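Here are my notes on this one, as numbered points.

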Amino acid sequence: MRILLIEDSSRLRDLLCEAVRSVGWKIDAFATAQEGRLAIEGANYDLLLLDLGLPDEDGIDVLKSLRSAKFQMPVLVLTARSAIDERIAGLDAGADDYLAKPFHNGELIARIRALMRRAPLAAMPTLEFAALQLDIASRRVTCAGGEIALAPSEKDLLELLMRNGGKVVSKAKIEHAFSEFGDERSSNAVELAISRLRKKLEGHPTGSSIETVRGVGYMMREEST
């Protein structure tokens, strides 16, 4: 799972990033609304942690604009604003949950898990390509009724390829998708990840294959019968 955090306090950003990464999730953290908007345009996120007291724009306005643009990801608001009318304003603007500062990291992680469990099916579908199925909520990969054992990063890679089935996914896009901002991943690492995924899919009647488009990237192709 990949989370976006927009929080202006550098100390709190560091603490929250540490808490999220401790349970195996990825997180990209930014201090301003503008940076957060650019991040949303460049990557797919499963959940947004949003502070309301941002230096360049009120978090409520950010939330309203995202919902107006049809962004469906769950949003957990983090704020020092504890008055009931401010909580109501956040929920009415499109927040899915509201956590007042200060809070315990354990409660934050529990609330994130709860939001992901009850996220609308439209936001967490079952992806299908040929005979492969990937349940976005449970992260379970199946083929012909049987489960295929994959590591979390391999499931993320498979999801990216399935979402772009029949289209070439560039190496650069894969590198970006599987590294946090500012953490570069080499082309060799991408090639190794693709090779491992191919090997784990071999022997299963997936009806698909991962093709290498030399000099460009990779494509998941449906095999002809």
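1. Keep in mind that this is a predicted model. The salt-bridge count comes to 15. Side chains of opposite charge can pair when their charged atoms come close.

2. Take Glu57 and Arg37 to begin with: their side chains form a salt bridge, with N to O at 2.7 Å. This pair links distant parts of the chain, 20 residues apart, with Glu57 in the loop between β3 (47-51) and α3 (59-68) and Arg37 in helix α2 (residues 33-42). Are the two partners buried, exposed or partly exposed? Glu57 has 25% relative accessibility, so it counts as partly exposed, and Arg37, at 26%, is partly exposed as well.

3. Next up is the salt bridge between Arg139 and Glu159, where N to O is 2.8 Å. Arg139 sits in the loop between β7 (132-135) and β8 (140-143) while Glu159 belongs to helix α6 (residues 152-163), so the pair ties together parts 20 residues apart in sequence. Glu159 is buried, because its relative accessibility is 13% and the cut-off is under 20%.

4. Lys200 and Glu154 make another salt bridge, at 2.9 Å from N to O. Here the tie is between two helices: Lys200 lies in helix α8 (residues 187-201) and Glu154 in helix α6, so parts that are 46 residues apart in sequence are held together by the pair. What about burial of each side? Lys200 is partly exposed with a relative accessible area of 35%, whereas Glu154 is buried at 8%. Some bridges also share partners: Lys26, Arg139, Asp156, Glu159 and Arg163 are joined into one network that way.

5. Now the overall fold. The chain has eight helices and 12 strands. Its radius of gyration is 19 Å, close to the 17 Å that the globule rule gives for 225 residues, so the chain is as compact as a globular protein of that length. Along the principal axes, the C-alpha atoms fill a box of roughly 60 × 35 × 30 Å.

6. Of the contacts in the chain with a separation of 6 or more, 57% come from residues 24 or more positions apart.

7. Last, surface and charge. The chain exposes about 11600 Å², and carbon and sulfur atoms supply 49% of that. How many positive and negative side chains are there? The chain carries 30 positive and 34 negative ones, with the centres of the two sets 4 Å apart.

Notes. Residues numbered from 1 in each chain as written. Predicted model: local features only at pLDDT ≥ 70, side-chain atom pairs only at ≥ 80, totals over all residues. Heavy atoms only, no water. Salt bridge = Lys/Arg side-chain N within 4 Å of Asp/Glu carboxyl O. Helix = DSSP H or I, 4+ residues; strand = E, 2+ residues; numbered from the N terminus. Buried < 20%, exposed > 50% of the residue type's maximum accessible area, 1.4 Å probe, protein only. Rg over C-alpha atoms; globule rule 2.2 N^0.38 Å. Contact = heavy atoms within 4.5 Å. Areas by Shrake-Rupley, 256 points an atom, 1.4 Å probe, with all protein chains shown as cover. Lys, Arg positive; Asp, Glu negative; His and termini not counted. Charge placed at Lys NZ, Arg CZ, Asp CG, Glu CD.
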